[in-house]
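Me: Please go through this model with me in short questions and answers. I want the cut-offs stated along with the values.

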Amino acid sequence: MLLRVRSKDGNFRFELPATADISVLANKILETTVDADPASLTVSNQPRGNETLVSTLKGRNLQTLGLKHGDMIFVGYATKVSQAPATPMSIDAPSPTRLQSNIWETVQEDAVDIYWRSKDGKIPRGRDTRFCKHGVNGMCDYCMPLEPYDAAYQAEHSIKHLSYHAYLHKILPKTSSAAATAIPPLSPLSYKVKNPCPSGGHPPWPAGICTGCQPSAITLQSQPFRMVDHLEIASPDIIERFLKAWRSTGLQRFGWLIGHYEPYEKVPMGIKAVVEALYEPPQEGELDGLTLGIPWEDEPRIRELAKMSSAPLSIIGYIFTDLDPDPEDRTKNIYKRHPHSFFVSSLEAIFAATIQKSNPIPSRSSPSGAFGSRMVTAILTATEDGKVDISAYQVSEQACAMVDADMIEASVEPGIVRVKEEDRSQDAARYVPDVFFRYKNEYNLEVKKTAKPCFPVEYLLVNVTHGFPQSPSPLFRSNQFAIENRPGLEDQHIEDVLRTLARLGAPQLSDSSLTSSSDASKRLELAKWLSDWHLLAFLETTQLVSKVDMKVLVSTVTSPSLLEDPLALNALFKTESWQTLMTFTRESAPSLPSTSAPGLSSSHIDEDIPQDVFDQIAAEEAARREGPSGVGSGVKICPHCTFENPQGETDCEVCGLPLG
């Protein structure tokens, strides 16, 4: 086959057999260079970007690399420091027993990525009764399946962005699978100056710069794909509990989204993020914002705890409130985020880019083994009619690269992003290339305009749809335990846990086997109460549950058959940590009043007396004590809860029931 090679030394042609090893082509390329470093030799199918070191392609021939007759190969290399004559590159001869693995071939992708890589993503179509003239088992252009990136299908179903895997199908070459995976099609964007310079002809930045190491000009444009297509909240109770803090204090709140990723069938090869729980880190809320520490101290612990569930979870994004009650009608909120103001402020977009950049996903389609992020930004804000709704977004890869290069900053106008000035100081050197964006003017003509000093934040956003399932089936069945880091509003205490365990009869259920339907209902009630994310996160901090037993606890209470199988808690009851917890529960449980006759031990009969009888006896004893002693001491004892109320009160201060 004939291969064309373009390098800084010129254009060359080589006649090579299709089965020739890559080392043969590398040696011919080195013969055309001057003082080239063989270890730095790179090849690419593009003039800029997608460069791959030839040394990582050992043992591969030209055919397996997807090269065909007449293909153009772009070559780059660094010049040797010494002036020694160029020597042929020492690449081992192809060996059938040893092939070097590349970085992108060894990464472990998410389960949802593995699922979609095993599918072709074709969009099935039924037979068209008007145009199809073939039989039932036939196929033609009018009924054959569509590609997942079909533009007409996207427009018909109002899908603004391609899904990640549909975009991969679009840019991958239509060749064999081996050739398609030889050179990854995606390259992470970088707007930083290359240091050291590939040419090696000048001092590193900021002392020197050239066209070989400086980034190209940037043209902002809508990202054609998105890493997440849909955000699904497993249960409306998750949002209601999160909003309770704002409704009680009026201060804004922030929480991390705990969940997992699943295939989303409503978009070709789509991916949805399913939120199973929220975790609220330490924060200081204000009426118009909040203060948050990044990174937060408990992040490693929360990530490890999330992985213990029956379906491993992770942090998939974050949510925050931006609500301001209407002064004229406190039942409604001010409509602030709309097309004439902003959807995401510049400060929020930069924060989202920072979070996404620090949480990349493993990918076999990138030379670095990672590309993009699936961290979703969810905002609880007001709708046009004053109600509360969720808006979900991501920021583009261009936004992440610009934040990583320290090129942009927030401005006082929420919908405007400011481009920073270039800085050549030695300590804080910053190179800012030319930045442009396109828009349609008043004559409906597309105009290219410089983005300096500022540009609209909408050029950095990627829309994500959101919703709730029609039949909620959350992983955590309860959401009633006090939420963490809400001091003064909701406090977490181990005494509350022990008191609830005693009320649910956990010690008795742990010691006895399943004998009646009442025991089964009590077990299910206990299982539902234990299946609470906030309770699990709190128990891990009490040091009453070991790490091994914590895995048993979390996997048990997140089991899909938890509420269908009364015996699901048996594995938990056998752990040492649970027995320790039951011991504390028995010791801290309030003692029951004695009602046995003189000379008889109450230990043998207490188990057969219902709790209602004890409550009635306690009320009668309190009523008898209320007579002369209660009046003389100036207090009134509640006949229901025995609390001593001040004289003159008509209702109990504790239980609220009448004292008369």
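Predicted model: local features only at pLDDT ≥ 70, side-chain atom pairs only at ≥ 80, totals over all residues.

Reply: Residues are numbered from 1 along each chain as its sequence is written, and side-chain values use heavy atoms, with hydrogens and water left out.

Me: What percentage of the 660 residues in the protein is buried?

Reply: Buried means under 20% relative accessible area, exposed over 50%, and partly exposed in between (1.4 Å probe, protein chains only). Among the 660 residues of the protein, the buried share is 42%.

Me: Is Leu347 buried or exposed?

Reply: Leu347 sits in helix H9, residues 346–357; helices are DSSP runs of H or I with at least four residues, strands are E runs of at least two, and both are numbered from the N terminus. The relative accessibility of Leu347 is 59%, so Leu347 is exposed.

Me: Is Arg60 buried or exposed?

Reply: Arg60 is in the loop between strand E4 (52–53) and strand E5 (72–76). Leaving aside neighbours within four places in sequence, Arg60 has contacts (heavy atoms within 4.5 Å) with residues including Asp21 and Glu105. Its relative accessible area is 19%, so Arg60 is buried.

Me: Which residue in E22 is the bridge partner of Tyr439?

Reply: Strand E21 (residues 435–440) and E22 run antiparallel and are joined by five bridges. In E22, Tyr439 has as its bridge partner Val447.

Me: Which helix supplies the largest share of the lining of the largest cavity?

Reply: On a 1 Å grid over the protein atoms alone, a cavity is a set of points where a 1.4 Å probe fits but cannot get out, and lining residues have an atom within 4 Å of a point. The largest cavity has a volume of about 60 Å³, and its lining includes Leu539, Asp549 and Trp578. Helix H15 (547–557) and helix H17 (576–588) each supply at least two lining residues. The largest share, three residues, comes from H17.

Conventions:
Pairing = 2+ DSSP bridges. 1 Å grid on protein atoms, 1.4 Å probe; cavity = no way out; pocket = protein on both sides within 12 Å on 5 of 7 lines; lining within 4 Å. Points joined across faces, edges and corners; volume = space filled by probe spheres on them.
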